[in-house]
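The structure is shown below.

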Amino acid sequence: MNLFGLLVAVVWGMSSAPLFLETLTDGELVIQGSSRAAWVLLPWMALAGLPHTNTQRLASGRSLLFALPILGLAAGLDFAEGESPARLAWFLGGASLLCLGWAALADRARSTGAMRSRYGWVWLLGVPLPLVYLTAFAWAPAHAASAADSWPSFWSLNPLIWVHRHAPLASPPGGALALRELLPPFLGLFLAGAIVLGFSRRERGLPPC
Amino acid sequence: MLGLLFGGFFAIASSVVALQEGNRLWWVELEVEGPARALRIEAGEDGVTKLEGGVERGEAFRRTVPVPFSSPLGASGLSVGVLPRVVWSGEGEARLLGWSADQPAAILTRTHRALLARPRPVPGPARPRASTGALLALLALTGLSAGLRKRPLAAGVVCGVGALVLWGASARPPDAPETVRVLEAGMGPRALEVTAARNVLALPTQTDRLEVDPPGVVLSIALDPHRAGSVRVRAEGALLRALRAADPPVLTPTKNDWQDMAQVWTRSGEGAWRHHDAWPRGEALPSASDETEQDPSPPGWLASGLAPGRGVLLGRCDAPRGSLWLRLSGWGE
């Protein structure tokens with residue numbers, strides 16, 4: 001499986017996870033008050049517009065086919081919960097067009113290096129960054145009080161989550177960061193580097209490091 | 001002095017009326033001679049009562065039936081309001097003789113005022129979930145389409161058809177909407193059973209009062225006049241609560257003379273909650289476990305709104321019709 005196949009598998013897992021978790025936990029873990037179709041679409045929407053490299057044609061539009069069965073299941077559950085068919089149809093139709101539109105734009109932007117670079121910046125500043133800030137604005141006040149007193153979790157591999165959990169205001173005053181608190185994001189960085197550099201060496205026909 | 005008396009009387013009368021005005025279940029005397037079909041009692045914008053099954057030729061009966069009426073002045077306001085209208089098809093005769101002389105809601109308001117003032121349970125919406133079969137089918141479809149990735153047209157057909165099949169398999173309401181039952185009690189001789197559900201509620205027998213949230217919503221009541229206990233209330237998007245007088249639980253710290261309880265929590269007058277193990281009938285209350293983080297907390301909706309400074313016992317009984325919760329105040333006093 002190449003890097004893109006792995007990425008599609010991860011996106012598939014993220015989009016189907018809410019449905020599996022609800023059933024496997026017998027309803028103990030549910031995402032109340034939100035559309036499952038929207039949860040399913042979120043990772044695919046992110047994948048659709050992902051900037052491409054010139055040498056690796058990602059074929060994002062085709063990979064979106066994998067979203068269809070999950071989307072059918074999620075939309076059916078939304079309908080069973082009382083969502084009107086007309087609203088569902090408009091939402092799913094609009095979201096599908098958006099996915100295809102971003103996928104086409106990302107594909108078109110592969111043609112020249114300048115366009116690829118410009119698209120990369122537009123995508124980064126326009127899609128994931130506002131989402132991260134919006135999430136942080138809603139998230140930080142709710143969790144700041146009890147953030148830093150526990151052992152760093154798996155999630156601290158993510159630099160954004162680590163920054164939030166160990167920000168000065170969220171830590172006990174005067175205390176320096178222990179090594180165990182500093183380690184996870186650097187471990188995350190090392191893992192990311194190993195994955196990216198290892199794959200690129202393999203694609204260039206070089207032996208792995 | 002006279003002003004004080006008038007003030008007190010007015011306050012009591014207002015609270016009684018305020019309690020009654022939330023009731024949407026008032027009873028009328030109906031007399032029917034068959035043949036009659038599609039019998040309905042229409043209460044204008046408040047809703048309708050439908051009598052299921054026809055009345056055959058030669059059959060006649062007189063019944064007390066509920067109508068989903070709003071009476072801002074409670075039972076005393078019924079006599080000055082317009083009587084609902086009965087409509088039917090067939091050669092028979094149906095007429096309303098008037099409001100029933102005994103209105104259970106009015107009696108309940110007089111006898112259970114303190115218990116009626118407690119906060120009401122709010123059932124969560126029954127959230128449909130994907131079946132295990134649907135999830136397995138999803139995995140199989142994904143595996144199949146991944147195997148066909150070199151043939152995009154075939155993969156597209158598989159994914160599209162799979163999406164439609166999974167839509168069809170999941171797009172139906174859950175079988176059992178969530179119903180919450182709570183027995184409200186103090187240390188006195190009365191208790192109140194509250195049954196709450198969303199959208200549709202099968203009224204327990206001898207329901208005294210029906211509350212609806214939002215209050216002005218149109219209700220549809222369906223009942224079979226030949227079968228007792230067959231009353232169902234429907235109001236799409238509304239929260240329905242049926243209340244009835246019940247026997248109080250017979251519980252003392254040394255003996256449970258009521259029924260098996262799967263979980264018990266007690267609160268002292270100082271406000272500290274303690275979790276106990278299951279409390280079988282006939283036995284003494286198990287000692288509270290040492291407080292640990294693993295101890296389940298009482299549900300927030302059940303533990304909220306309780307009078308401070310009083311002992312409380314909360315319990316859950318597993319019953320065939322779903323869980324029955326107990327909220328008993330004055331415990332240990």
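In chain B, a hairpin of 5 residues connects strand E7(B) to strand E8(B). The model is a predicted one, with an ipTM of 0.72 and a pTM of 0.56.

**The E7–E8 pairing**
- Strands E7(B) and E8(B), the latter spanning residues 191-202, pair in the antiparallel sense over 7 bridges.
- Within this pairing, Arg181(B) stands opposite Thr195(B) of E8(B).
- Strand E7(B), residues 179-185, is mostly covered, as 6 of its 7 residues are buried.

**Salt bridges**
- Over all chains, the structure holds 17 salt bridges.
- One of them joins the side chains of Glu29(B) and Arg62(B), at 3.9 Å from N to O. Glu29(B) belongs to strand E1(B) and Arg62(B) to strand E4(B), so the pair ties together parts 33 residues apart in sequence.
- Glu29(B) is buried, at 15% relative accessible area, whereas Arg62(B) counts as exposed, at 52%.
- Arg85(B) and Glu42(B) form a salt bridge of 2.7 Å, N to O. It ties strand E5(B) to strand E2(B), parts that are 43 residues apart in sequence.
- Glu211(B) and Arg120(B) also meet in a salt bridge, at 2.8 Å, and both residues are buried.
- Arg40(B), Glu42(B) and Arg85(B) are joined into one network by salt bridges that share partners.

**Confidence in chain B**
- The mean pLDDT of chain B is 84, and 89% of its residues reach 70 or more.
- Among the elements of chain B, helix H1(B), residues 2-21, has the lowest mean pLDDT (49), and strand E3(B), residues 47-51, the highest (93).
- Over residues 9-19 of chain B, the pLDDT is below 50.

Conventions
Residues are numbered from 1 along each chain as its sequence is written. Chains are lettered from A and ligands numbered from 1 in the order in which they are written. This is a predicted model: local features need pLDDT of at least 70, side-chain atom pairs count only at pLDDT 80 or more; totals for chains, interfaces and linings use all residues. Side-chain values use heavy atoms; hydrogens and water are left out. Buried means under 20% relative accessible area, exposed over 50%, partly exposed in between (1.4 Å probe, protein chains only). Helices (H or I, at least four residues) and strands (E, at least two) are DSSP runs, numbered from the N terminus. Two strands pair if DSSP finds at least two bridges between them. pLDDT is the predictor's confidence in each residue, from 0 to 100. Contact means heavy atoms within 4.5 Å. A salt bridge is a side-chain nitrogen of Lys or Arg within 4 Å of a carboxyl oxygen of Asp or Glu.
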